[in-house]
Structures are given as C-alpha cells and as structure tokens.
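Me: Could you look at this one with me? I'd like to go through some of its packing.

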Amino acid sequence: MADLNGHEAGNGGDSQGKPKGPNESAALPAEGMEGRGWAKGNAGSQNTPRAQDRERGVPSAWDRIGQAARTDKARRFTTLLHHVYSIETLREAYFGLKRDAAPGVDEQTWQTYGEQLDSQLEDLSARLRRGAYRAKPVRRVFIPKPDGRQRPLGVTTLEDKVVQRALLRVLNCIYEEDFLGFSYGFRPGRKPHVALDALCVGIERRRVNWVLDADIRGFFDAIDHECLVKFIERRVADRRVLRLIWKWLNAGVLEDGERTRSEMGTPQGGVISPLLANIFLHYVFDLWVRDWRRQATGDVIVVRYADDFIVGFQHESEARRFLTELRERLAAHGLELHPDKTRLIEFGARAVSERRRGGRGKPETFDFLGFTHICGKTRNGRFAVLRKTARKRVQAKLKEIKAALRYRWHHPIPEVGAWLASVIRGHMNYYAVPRNFEAVAMFRKEVIKLWRRGLCRRSQKAHVTWPRMLRIADARLPRVRIVHPWPSQRLAL
C-alpha cells in the first residue's frame with residue numbers, strides 16, 4: 001500500500017466503510033455529516049502555492065493526506081513528520097496560538113518567542129528533524145467549575161504548543177475522514193450549536209421516548225497511554241510521530257515545584273489533548289455504538305461532544321440494555337460513567353402523554369452543553385424540545401460579574417457600560433437560541449440590577465433611580481434578540 005510519497009506501507013487497523021450519518025436515515029438531516037473547513041493560513045513549504053492550486057487544480061499536501069485517508073480506511077501513514085517540521089507549518093501554528101495565553105513552566109510568552117521568530121522556528125525544525133526535541137512538563141492550574149469544584153488544567157509551554165498545533169493540522173486531515181457524524185466536540189467546523197441542533201431535531205423527528213444523559217468520570221485523567229497509542233497506530237505508522245506523542249504523554253505535570261508522571265491521562269488545556277481524546281473515544285465508544293444500534297429494533301440517536309453524550313431510545317428495554325453493556329465496554333478500557341451525572345429518563349413526545357396518563361407529572365429534564373432540555377409544545381400543540389439556559393450557568397456568570405463590578409464601581413459609566421455590553425453580547429452569542437428569549441432577557445435584567453447596585457454604592461449620597469438606570473442601560477447595553485436559526489433550518493443548510 002503506498003503512502004503519500006509513493007512508498008509501500010503495511011496494512012493494519014480496522015477497515016470500515018464511509019461513515020454514515022449518525023442516525024442512518026436520509027430523511028433526517030439532523031445529525032448528518034457536516035461540512036469540514038480547514039484552518040486559514042499558509043500551506044506547508046512542500047506545497048504548491050494556494051493560488052496556483054486553484055488555477056491548476058493541484059491538490060495541496062493536506063488535500064492529498066485527506067484523500068488518501070478517505071479512499072483507504074485501512075491505510076497506515078508512514079511519512080508524516082516532514083509535514084510537522086516544515087518551517088511554514090510551524091509558522092502557521094505559531095500565529096494560530098492565542099496571544100494572551102498563560103505561559104508554561106519556561107515562562108515564555110507569545111510575544112517573547114516572536115522577537116526572534118525565524119531563528120526560533122529554524123532551531124525547532126532542526127531539533128524535530130534529528131529527534132532532539134524534548135517536551136517540557138505542563139504547569140498545573142485550577143479553574144472554578146459552575147458547581148463550585150475545581151477543574152485541573154495543564155498549561156503547556158509555547159514551543160510545545162507550536163509543535164502540537166502543527167501535528168494537529170496533519171492528524172486532522174486523517175481523522176476527520178474517520179470520525180463519525182455524531183461526534184462534534186473539538187472538531188473543525190463543528191460548534192456546540194450544531195450538536196445541540198442535531199439533538200433537538202433528532203428527538204423531535206425520531207421516535208425517542210427515553211434519553212440517556214451520560215458523562216464519563218474524570219475522562220481526561222483516565223485515558224490509558226498504551227491503549228491510546230495502539231489506537232493511533234491503526235492509522236499512523238510513522239515511528240517518529242508516535243515518539244513525539246509519547247514525549248508529550250510522558251512529560252508529566254509540574255505542581256508546587258514537584259514533577260509527577262503517570263501512565264494515565266492527558267492534560268486538559270493541551271493543544272493536542274482534544275484530538276487524542278476524540279481518537280480514544282472513537283474506538284472505544286463511537287464505533288461500538290454504531291455497531292450496537294444497527295442491531296436495535298427501535299430508533300436510536302446519538303450525539304457526543306467530547307466526553308459528554310446523549311443517547312435517545314425508542315424502547316425502554318433497549319435503553320437499559322445499552323446502559324449495562326456500555327458500563328462493561330467502558331470498564332474494559334479503564335473508564336466509568338459518572339454516577340451522579342448519568343441518568344436514564346423518560347423524554348419525548350410519548351413520554352409526556354404516558355406520564356400524564358399515569359399521574360407522574362411532567363417528564364424530567366436534562367442538561368447538555370449549557371442548556372436545560374425540556375419537553376414542551378409549539379403554538380399549534382405539537383411536541384417540541386425547549387432549550388433554556390442552565391440555571392447553574394446563569395448563577396455562576398452573575399456571580400462572576402458581581403465580583404468584577406466591585407473593582408469597577410468608581411470607573412466611568414461609559415467604560416463599565418462598554419464592558420457589560422461585551423458580556424451580554426457574549427452571552428447572547430451562545431444562549432440566544434429560539435425559544436430561549438425570556439431566559440436571555442432575564443440575564444440582561446439581572447446584570448442591570450447588579451450595575452445599579454454598584455452605582456448606588458459609589459458613595460453614601462449616590463442613588464440611581466430605576467427610570468434613570470433603565471435609560472443608562474438602554475443607551476449602553478444591547479437589546480436582547482435571537483441570534484441563532486431554528487435547528488431544522490441550520491441543519492437543512
């Protein structure tokens with residue numbers, strides 16, 4: 001089997017057909033394969049210039065890798081590292097990083113690295129080429145979660161980020177051809193709202209009566225290194241690339257001056273970590289679910305975003321059997337479902353009538369990607385999935401705004417108004433989906449209350465009446481509006 005340069009490569013790994021839409025139905029576009037776009041930037045130095053590619057129809061190196069992965073699902077790529085250590089690929093990776101990201105253990109920032117960028121990239125490329133590149137440990141930091149707990153993150157050094165982003169560009173060309181349609185997390189062109197819309201349309205148009213809301217406990221810290229690399233070897237036969245991944249997995253974590261290593265886990269916050277997590281779950285969960293539901297007698301829908309996933313079932317018996325077998329499947333690979341975040345509930349059009357008939361009240365709700373999903377109705381009485389901003393998300397954000405306002409009490413009103421306007425716009429850009437207008441409007445109202453409280457506390461004599469406060473808010477803060485299309489409209493496009 002030939003690699004991209006025409007050399008022979010060995011066969012290996014799983015052979016699978018073209019990924020189908022997640023619910024295997026041409027009539028339902030809810031979770032079909034989405035269009036995939038590549039990151040903007042220059043092609044690698046080995047590529048034909050992009051303008052010439054368009055004129056002559058010559059595919060770039062990225063196109064050739066993707067085409068090879070698409071046409072032969074059993075292909076193992078033997079020569080990939082030269083794409084990674086290309087100066088242009090490294091340069092593109094550098095400019096794709098966040099300018100204000102926190103530095104790693106070497107305290108090097110994006111600005112300081114870029115002061116001598118050409119020499120830095122040439123040295124990095126040379127070390128990658130001869131195998132002298134060494135990964136540094138990640139710096140452990142903790143950020144608060146909405147439920148009050150702390151989420152551990154790993155801050156990678158800037159040079160490691162550059163190399164990881166360069167390799168990410170290469171591996172995405174391969175695995176975007178392998179990943180299934182119901183996998184949405186951390187993939188090019190697949191934002192959370194596409195997953196939310198797919199779930200909404202899937203529940204409304206399929207015969208879904210039961211929903212499994214599942215979360216894998218401590219997933220990023222439980223990934224087995226040996227198992228992960230074996231999965232990667234099914235597609236990647238370049239030993240230099242595999243050694244590169246091993247270096248990052250074995251780099252360890254630096255916390256309170258002490259370096260620790262583990263044979264499990266990949267740090268959250270690393271550039272390459274989301275892709276490695278998706279590869280792991282692709283083989284452990286996605287392919288298994290695809291084969292499982294082909295044997296199901298009723299409808300089954302699946303939406304996965306990273307380690308959070310929702311599975312809808314027509315029959316209760318199949319839902320309970322799936323949950324039992326899923327626990328066994330995950331346990332075989334060192335994973336387990338979170339006992340408090342995994343629930344099997346009645347949900348769907350029939351669940352509403354069945355629970356009303358049995359006197360059990362309304363169906364339960366579930367949270368997914370920051371929204372609480374509720375069984376509701378349209379104006380003409382048809383079943384519909386209502387999505388409301390999750391309460392814990394609103395409370396956490398308002399608490400954050402309240403704390404930030406304390407440091408801005410004596411700042412000029414225009415300055416504070418501009419900051420709050422950006423906060424509300426950001427909130428609307430995510431949560432302003434159809435049927436969620438009231439929740440977004442309530443968030444804006446609570447922000448105005450906090451702002452007024454701050455203005456009234458600027459001095460003992462300060463007092464802002466509500467009519468004046470509303471005039472200030474209407475002049476400074478954006479009006480609430482729905483910014484996202486209806487789920488069926490987005491997916492139809």
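Predicted model: local features only at pLDDT ≥ 70, side-chain atom pairs only at ≥ 80, totals over all residues.

Me: How many aromatic pairs does the structure hold?
Reply: There are 19, where rings of Phe, Tyr and Trp (its six-membered ring) pair if their centres lie within 6.5 Å, and planes under 30 degrees apart count as stacked, over 60 as edge-to-face and the rest as tilted.

Me: And what about Phe347 and Phe366, what kind of pair do they form?
Reply: Phe347 and Phe366 are edge-to-face, at 5.0 Å centre to centre and with 70° between the planes.

Me: Which parts does that pair tie together?
Reply: Phe347 lies in the loop between strand S8 (343–346) and helix H14 (349–357), whereas Phe366 is in strand S9, so the pair links parts 19 residues apart in sequence; helices (H or I, at least four residues) and strands (E, at least two) are DSSP runs, numbered from the N terminus.

Me: Is Phe366 buried or exposed?
Reply: Phe366 is buried, with a relative accessible area of 1%, buried meaning under 20% relative accessible area, exposed over 50% and partly exposed in between (1.4 Å probe, protein chains only).

Me: Switching topic, what is the strand order in the open sheet of three strands?
Reply: The order is S9-S10-S11, with antiparallel pairing, and two strands pair if DSSP finds at least two bridges between them.

Key:
Residues numbered from 1 in each chain as written. Heavy atoms only, no water.
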